[in-house]
Amino acid sequence: MSKPSDTPIVPREIQKIYAGRIFTVQVETITLPKGGELRAEVIRHPGSVVIIPVTGAGEIILVRQYRHAIGRWAWELPAGSLKDGEDPDKAAVRECHEEIAMVPGRVERLGAFYPTPGYCDELMNFYRATELRKPAEGETATPDEDEDIEPQAFSLDAIRRMIATGEIIDLKTVAALALL
């Protein structure tokens, strides 16, 4: 039997503030379990995949791309949002192909986590991608229009140094290393 604290609270009112191509911002009015009212500002996100592409030599491929929100280029693991109704396993293969131009022969789900549960419902699904190969003829992938990506393979030790020196500042990339 679940305790009242285990039961999700259903919003009494939902006001959509913004609907973009990736996420929606809503203000949801809820009655708190101990009484009182909360107008929660919530980002509704379809979820995402984060890929740890591992080469045959054991190196990990990171991508360098410009992140306008922070005004700088960042090294990070390949990742992307789920398309409407898309299976995360298939999305991991698609994103790997789009971002590093390699097709994984094997993807292994490592876990799923909410990076910012205080205000966003995005669930990040983490995968290890191995048995990487160049795409066969006719196997095409189209990167998103806003992506200018530079993939590069690094040893795990090099990635740890990049984190320690602040060269890697992306939290999903740092968190993913705990799953290896």
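Helices (H or I, at least four residues) and strands (E, at least two) are DSSP runs, numbered from the N terminus. The model is predicted, with local features needing pLDDT of at least 70 and side-chain atom pairs counting only at pLDDT 80 or more, while totals for chains, interfaces and linings use all residues. Residues are numbered from 1 along each chain as its sequence is written, and side-chain values use heavy atoms, leaving out hydrogens and water.

**View A. The second largest pocket holds about 170 Å³ of space.** A pocket is an open set of points on a 1 Å grid over the protein atoms alone, where a 1.4 Å probe fits, with protein on both sides within 12 Å along at least five of seven lines; lining residues have an atom within 4 Å of a point. A volume is the space filled by probe spheres set on the points, which are joined across faces, edges and corners. Strand β3 contributes the most to this lining, with 4 residues. Among the lining residues are Pro8, Glu28, Leu38 and Arg44.

**View B. The largest pocket holds about 1500 Å³ of space.** Its lining comprises 43 residues, and His45, Arg67, Ser81, Glu122 and Met124 lie nearest the centre. Elements giving two or more residues to this lining include β5, β6 and α1.

**View C. Three strands form an open sheet in the order β6-β5-β10, with antiparallel pairing.** Two strands pair if DSSP finds at least two bridges between them. Strands β6 (72–76) and β10 (150–154) are at the edges with a single partner strand each, so one side of each has no neighbour in the sheet. Strand β5 (residues 60–67) pairs with β6 over 5 bridges, and Arg64 stands opposite Trp75 in β6.
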